[in-house]
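Please look over the sequence and the model shown here before reading the notes on charged pairs and chain contact.

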There are 2 protein chains.
Amino acid sequence: MRTLTFQRVTFTMGLPLLKRAIQDQVEKTRNFVSRSLVIGEVLSMADMATGVKCGIIYWLFGGAIRSLGGPAHVTQWLQPLQEQKYTGMFAMTERGHGSNVRVIQTEATFDFSAQEFVIDTPCKNAEKMYIGNAMYGNYAAVFAQLIINGRSQGPHCFIVPVRDENGSLYPGVTVVDMMHKEGLHGVDNGILRFDSVRIPRENLLDKFGSVGPDGQYHSPIKDKSARFNAMLAALTPSRLAVTFQAMGSMKLGLTIAIRYSHSRRQFGPKAREEVKIIEHQTQTLRLMPHLATALALTFASRYAGTLLDEDIFRGKELVDSRPLQALVAGLKAYSTWENVSCLQDCRECTGGMVVVRELLAQYTKQCEERPVSSLLRNWVESGSDRLRTSFLAFNMDTVGHLTFLLKAVHFRERILQRGLVARIYYKVMTEKEDFFSAWNSCLHHITCLSLAHIHRVTLEQFCLAVRNCPDQEDQDLLKQFCLLYGTKLVFQERAWYLEHKYLTPMTSMRIRRQLLHLCNSVKDDALRVISAFNISHASLHAPIAGFANPNAAWVLYPAPQHSLAGERARSPRPKLGAKL
Amino acid sequence: MRTLTFQRVTFTMGLPLLKRAIQDQVEKTRNFVSRSLVIGEVLSMADMATGVKCGIIYWLFGGAIRSLGGPAHVTQWLQPLQEQKYTGMFAMTERGHGSNVRVIQTEATFDFSAQEFVIDTPCKNAEKMYIGNAMYGNYAAVFAQLIINGRSQGPHCFIVPVRDENGSLYPGVTVVDMMHKEGLHGVDNGILRFDSVRIPRENLLDKFGSVGPDGQYHSPIKDKSARFNAMLAALTPSRLAVTFQAMGSMKLGLTIAIRYSHSRRQFGPKAREEVKIIEHQTQTLRLMPHLATALALTFASRYAGTLLDEDIFRGKELVDSRPLQALVAGLKAYSTWENVSCLQDCRECTGGMVVVRELLAQYTKQCEERPVSSLLRNWVESGSDRLRTSFLAFNMDTVGHLTFLLKAVHFRERILQRGLVARIYYKVMTEKEDFFSAWNSCLHHITCLSLAHIHRVTLEQFCLAVRNCPDQEDQDLLKQFCLLYGTKLVFQERAWYLEHKYLTPMTSMRIRRQLLHLCNSVKDDALRVISAFNISHASLHAPIAGFANPNAAWVLYPAPQHSLAGERARSPRPKLGAKL
């Protein structure tokens, strides 16, 4: 699997589209982030292992150079990457620190006389762990404490040669194979140890901190902690790439599960033909909200991509866009959770026949990172952001209308935010608790707030997409799913709304009925939406969706007839096609 | 993996304990069901693939013979199974029908002149699919429509020889390897096709229907549909075995995740040692309710096992114990859902380091089966059952007391049940809807009711276990977890309680605070509980839980110190040990 995946990566990275994308990254061509993100989404649909490995080489390793290096680094390292002269890896996580990376223990000590850095792993907890492409890559972007004259300037990123072009390890580098990655065997993970590995002074990616020939440290940011925040912020685009991968696998899973549900028959009235399982109330109730969520995520994450492109094009440092960072971190957590839940439902709705474990495999480390909460801290303090689109207004103001749903999610976010600020203020200022324990005792509140924030932005972006849809028929279709998405958000949190008397018991029950009704009413249009995802049949190879799979010739199910009929009756391909 | 697993199965089935368990099944020794269930739980902890294969041979194949065959069948087939003369498989599911098995299409036509049945697969949809042990087994318990003189008497079960002792297939039998079972590679699944395979008349398991030498069909149950219900009911013990397997993997995952959380440190107050991650509010909030659920499931499923043993010992047909069937079917769905959710949280809480995909693999086909709803139909109609233990009474009646929580889950079940009966009655009697569509339009309501039912029984059984605990210290410990479990149940459904004005906004918020408080207060005692699970260290081999794994020598984390200290300070092993 690893060899095959490596061949696929080589083939993929050699495609003109991919070479162009790396060139765009070198030249910082306008909108290069958005274009790359969509490529990542498509790759993850075609083959998750290939998508992950390309992501490591292109987004993580390449992204570190572009975001943390100077212009010379970009020319020196990205150009040969585009020409496939070598591949790279991203070595941040350590055995001892997977989330609290500020206190990693790998050391890069400056040796003035040699004008070199000495990269060293001082203890077991400092070993770099779960490093993707560790068994193949030639260079690693290694995060280490930069030490000059015995004093650390905090974590910085260094390019460290790991193995030569023949694959032989350089002296002082040890790599341990972490072996099987269950469900994603094509991806090699390893442990890296450095024993006094010497690298030239120039291998420090020095955008946020550099060491001169005189051994003097220079940085545009004086505070060590603020400096590290700036580095993490610069890596924001890579974080958003995960959301696009999660979206890709949701769309893949939904396409298979919905096509199957429209062809498989089971149970029915006595002595009559069995009904399609999409007719079972529980089936639509499980699948349709996920489809609506996949659409909402599509619009919200593309919006975030646009904002990133804008900032980068204007030369603005991403650390100054805290709300955008909070959005991207929140989208990463939200989209991967939704992805897991969506694919699990797809599996259960197809009797376990959607083989998606490989799609799930990589989305488990999000929780430990807690980027949301640490970013949120600043965002809560800042109070306002440019992500608000409060100008949205739709016709009427009852539960069945978007305005009602939008107002509800707005209200929830605002109250949660206000409450959190008040609680922390009270604990710290009045009760004199230390900040960490005050923060920790509010973690549940914080999680709720960050999700509420993402829910609000996502629903708004969905509404905007509906409003800006140029085609009447498409707009009607999208609007139904947007209503469904908003209804789902309010339904999920109806307990909170009831507690805060925003909903009465009566309206709450109406929300439930509305959810059931909408799920039922969009189930046929769902075929049009998944067809608009434009997933190549070559990528689907799922027998239960009606596509042959040469590796499982024994099983082929009929394609959903309604799909073809429906497509023919209307436009041959929904106009939405280019958009989803 | 398959070869290794087969060797493990052979070894396991040869253990005196297992041989004794099969002998008990032959002799229908008192309480043999309960004892076997616990063996299944332990096996699934030791190695899931071995547990699954033993389950197929022992519970599914062996169980079919014991439950559906006459005394002669038991002697003829179970005795050599105990001596490992051969192994078997269970062939019910077909390509076309995985859940609605009543209308399977495999045929068993009686040939009067030869006194044989002719087993035939008339079409692609009739192929037996996902059959475990298909690549190794010698005999299959095949469900097929019993046809005499061109007329079907409904599905019956037949023993069909598949391959001889050397592993060569018999003529007329085709087996297709379904290849990789991602995450559970040790288990072989296959497709079976029969082309006019002839078997002796005696190979029909004839407890519920037999064919005499004269070609006459006899059955103690006249109605074809009722007859099939009786057969499915007889297989109830096998269904409960799945719950015990799910419990086993929950306990395994929780042991690893909780031990890790008590040793791993991450984040903390500035310039101080990082705190153990169990101190993070979100960590306890995710793990502690699952631990309470694992305990609740332990008591509830053992209770169900006891009821089964009682019925079987008294010679009562299980089809007459509808509430018990509903309980077992409900427990199967509930426990496997909880298992998936628990293990996913364990994964996320350990940064993806709990390798549990193999534990998840088999729990995905529950949904399509819908045994709950079909059983519930009768149960709703019957209105009452012997599972009520309304005599329970605890001291006080506020949200912090068990009585309050018990009353709440009772109330919810009663209201949902009443409402469902009224809705269906209205749709069918007044609106003249056909029963299927009336039922289908209430499916969401039905799912809620069946879960509410299981919640109530499970909480009651937990309360009983607390009351009957002989040791004061253990009782206090269990009571805290029981409170936590009840609080979790009410918290999850607080929207419903608010809608029905059973909770006020104020009490609802109090429930939330109580949940957070309880999760925090039991987190140290959690180490005592998992130690009482008595999982062999040889079964754990999880480096992050502090146990070495020879296959991953590169990673070893320290064991939680508190555990050892705590154990020493109190009793060397919790007295609960023998019970959980």
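## Basis of the model

This is a predicted model, in which local features need pLDDT of at least 70 and side-chain atom pairs count only at pLDDT 80 or more, while totals for chains, interfaces and linings use all residues. Residues are numbered from 1 along each chain as its sequence is written, chains are lettered from A and ligands numbered from 1 in the order in which they are written, and side-chain values use heavy atoms, with hydrogens and water left out.

## Contact between chains A and B

Chain A and chain B each bring 72 residues to the contact, where contact means heavy atoms within 4.5 Å. Between them the two chains bury about 6,300 Å², 54% of it on carbon and sulfur atoms; buried area is the accessible area (1.4 Å probe) that two parts lose on being put together, summed over both.

Across this interface there are 4 salt bridges, a salt bridge being a side-chain nitrogen of Lys or Arg within 4 Å of a carboxyl oxygen of Asp or Glu. Arg512(A) and Glu499(B) meet through their side chains in a salt bridge, at 2.5 Å from N to O.

## Salt bridges within chains

Over all chains the structure holds 58 salt bridges. In chain A, Arg20(A), Asp24(A), Glu27(A) and Arg35(A) are joined in a network of such bridges. Glu273(A) pairs with Arg265(A) in a salt bridge, with the closest N and O atoms 3.4 Å apart; Glu273(A) is exposed, at 58% relative accessibility, and Arg265(A) is partly exposed, at 31% (buried means under 20% relative accessible area, exposed over 50%, partly exposed in between, with a 1.4 Å probe and protein chains only).

Asp345(A) and Arg286(A) form a salt bridge at 2.7 Å, N to O. This pair links distant parts of the chain, since Asp345(A) lies in helix α9 (residues 322-349) and Arg286(A) in helix α8 (residues 281-313), 59 residues apart; helices (H or I, at least four residues) and strands (E, at least two) are DSSP runs, numbered from the N terminus. Asp345(A) is buried at 15% relative accessibility, and Arg286(A) is buried at 18%.

In chain B, the side chains of Glu127(B) and Arg193(B) meet in a salt bridge at 2.7 Å, N to O. Glu127(B) lies in the loop between β3 (116-120) and β4 (128-132) and Arg193(B) in strand β8 (residues 189-194), so the pair ties together parts 66 residues apart in sequence. Glu127(B) is buried at 3% relative accessibility, whereas Arg193(B) is partly exposed at 31%.
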